[in-house]
Amino acid sequence: GDGDGDGDGDGAAEASDAAVATETDEEDDMEQEDITFAEAVEGILEAETFDEGVEYFQEFVESSVEEFFAPESIGILQPAPELLEKYDRQLLLLAVLPPIIAFTLYGNVAEGFNRFTEMYGGAYKSVDGNAFATNLLRPTINGVVVPALAITLGTLLATTINVLRNRQVEMRACINKEVCELRLLRRAIFGMFGTVQHAERRTKALQMLHGYTSTIMKESSPGAIAFLTELQQNGGVSVNELEDLTEMLHGIEGAAASRQGSVSSAENLIISLNDHRSNRVAAVLSNFPRIHWAILGLLACGITFLFLTESNQEVLQFLNSLQLRSLFAIIVAVFSFVAALCYDLSDPFNGSFCITSAALQLNAFSDTLKTDLREAADEVDAGSYGSRRWGVRDTAYFHILTGTMAPQARAVGDVWAWSKRKAKKVVAATRATRARTHARTEHGGSAAAGASRASEASEASGASEASGVSGGKKGGSAAG
């Protein structure tokens, strides 16, 4: 028995060691999969082919995006502040790196371009450092080609940035409208099924509303584009929980609702919610095709090619090497920073320009719905006879005011309220009159007492003076 116990203990220890070793290996693999910015730059520069450089760049971007978002306990993935700052730094470095490389390698680029033009430019050999050929091309380049490329590229870039930014604004507005109308729909559900007898129907409706809220949260978080694209391909974008809630409104549950006006309000809110969701989904899935980005890249490369053609003079490169390096770096910097901006705006759920902050308010609404569902579950319980929202008096008032005698009940209520208010005014006036009368009585009594005391004092002083005079007269007569 002891031997078996020791064997079991050794086996458990070996299993735990193996599990720890497996977790350590997995952590090492995860650490190896992460690519830093320096490793990505080194891999891009040392790549033998263009495809390898693109692979290094894609791996770096994917690892940065995965680290950029920290999953919360509920719903929306919100970028952590430190990761947001790190993402901004990485995107800025990716934008700054190309002009630095362009400034450093301009001599090699210009030399390679010169060799290419000499090899494939014509059957002659230039003896003046391409000055004559460049001067011949300059009117054509500056008069026709440069304006055409610059106007086309500027128009496309302005349209692209404007469309991407307006798409995010529209999506943010749709999310805000949806959240407001979801709260109104919740109130309409309580208007239809707020009483105790409709607790099961209220639970069912709130579950559907909570499911639709979860759908919006999923459609407003990172990965929403892939999720909606898959739904669109499978033909399920229009299928959601609001359809089941509409079935309730047009079925027995809707006919048994306590207030039919709430049914109409809920139906109108559902129609409006579907409208906002359709606009939001259309905005999310309205991405530019790859040919659009390819055209922008070709136009940028064309302008860079024209710069190299204009500066393809040995004397110019010898005398103005620093100026040409700086101009070449400026051109590449403009294209690099614009590309970084378009990349950031292209995904509305990632990067510095993202709309996930607008969808965070859905978390609070989801918690509210969970609380409502717990209360409804308590009411469904056989041992619960009351509601924290609807008591006996509220239920009676509700049915009286929504029944056939509602106008008479409202009239009686108005008369009662007016009578109660009038009675309060009369009571207040009576109390004020009594207070004034009492004050006057007390004031009159004190004045009468003062007058009597004054008359008594005057009478006493008169009597004393009279006695003094009579005494004086008697003394005078005695002396005489």
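Me: Which helix does R183 lie in?
Reply: R183 sits in the helix made of residues 131–193. Helices are DSSP runs of H or I (at least four residues), strands are runs of E (at least two), and both are numbered from the N terminus. On that numbering, the helix of R183 is α6.

Me: What should I know about the model, and how exposed is R183?
Reply: This is a predicted model, where local features need pLDDT of at least 70, side-chain atom pairs count only at pLDDT 80 or more, and totals for chains, interfaces and linings use all residues. Residues are numbered from 1 along each chain as its sequence is written, and side-chain values use heavy atoms, leaving out hydrogens and water. Buried means under 20% relative accessible area, exposed over 50%, and partly exposed in between (1.4 Å probe, protein chains only). R183 counts as partly exposed because its relative accessible area is 37%.

Me: How do α7 and α16 run relative to each other?
Reply: Axes are lines fitted to C-alpha atoms, for helices over the stretch in contact, and angles run from 0 to 180 degrees between N-to-C directions. Helix α7 (residues 199–219) packs on helix α16 (residues 361–380) at about 160°, and their axes are 9 Å apart. Angles under 35 degrees count as roughly parallel, over 145 as roughly antiparallel, 65 to 115 as roughly perpendicular and the rest as oblique. That angle therefore makes α7 and α16 roughly antiparallel.

Me: How many nonpolar, polar and charged residues are in the contact of α7 with α16?
Reply: Residues of α7 in this contact include L206, L209, T213 and I216, and those of α16 include L362, F365, L369 and L373. Ala, Val, Leu, Ile, Met, Phe, Trp, Tyr, Cys and Pro count as nonpolar, Asp, Glu, Lys and Arg as charged, and the others, Gly among them, as polar. The contact divides into 12 nonpolar, 6 polar and 5 charged.

Me: How many charged residues does the contact of α7 with α11 have?
Reply: From α7 come Y212, T215, I216 and E219, and from α11 come L273, R277, R280 and V281. By class, 4 are nonpolar and 1 is polar, while the number of charged residues is 3.

Me: How are α8 and α11 placed relative to each other?
Reply: Helix α8 (residues 224–233) meets helix α11 (residues 260–285) at about 105°, with 10 Å between their axes. The pair is therefore roughly perpendicular.

Me: How many charged residues does the contact of α8 with α11 have?
Reply: I225, L228, T229 and Q232 of α8 contact V281, V284 and L285 of α11. These divide into 5 nonpolar and 2 polar residues, and the charged count is no residues.

Me: Which exposed residues does the face of α9 turned away from its buried side carry?
Reply: In α9 (residues 241–249), the buried residues are L242, L245, M248 and L249. Seen down the axis, they fall within an arc of 105° (taken from the directions from the axis to the C-beta atoms), so they line one face of the helix. The face turned away carries E243 and E247.

Me: How far apart are the C-alpha atoms of L324 and Y106?
Reply: L324 is in helix α14 (residues 321–346). It is buried because its relative accessible area is 7%. Although L324 and Y106 are 218 residues apart along the chain, their C-alpha separation is 8.3 Å.

Me: What percentage of the chain is buried?
Reply: The chain has 18 helices and 2 strands. Of its 480 residues, the buried share is 30%.

How values were computed. Contact = heavy atoms within 4.5 Å.
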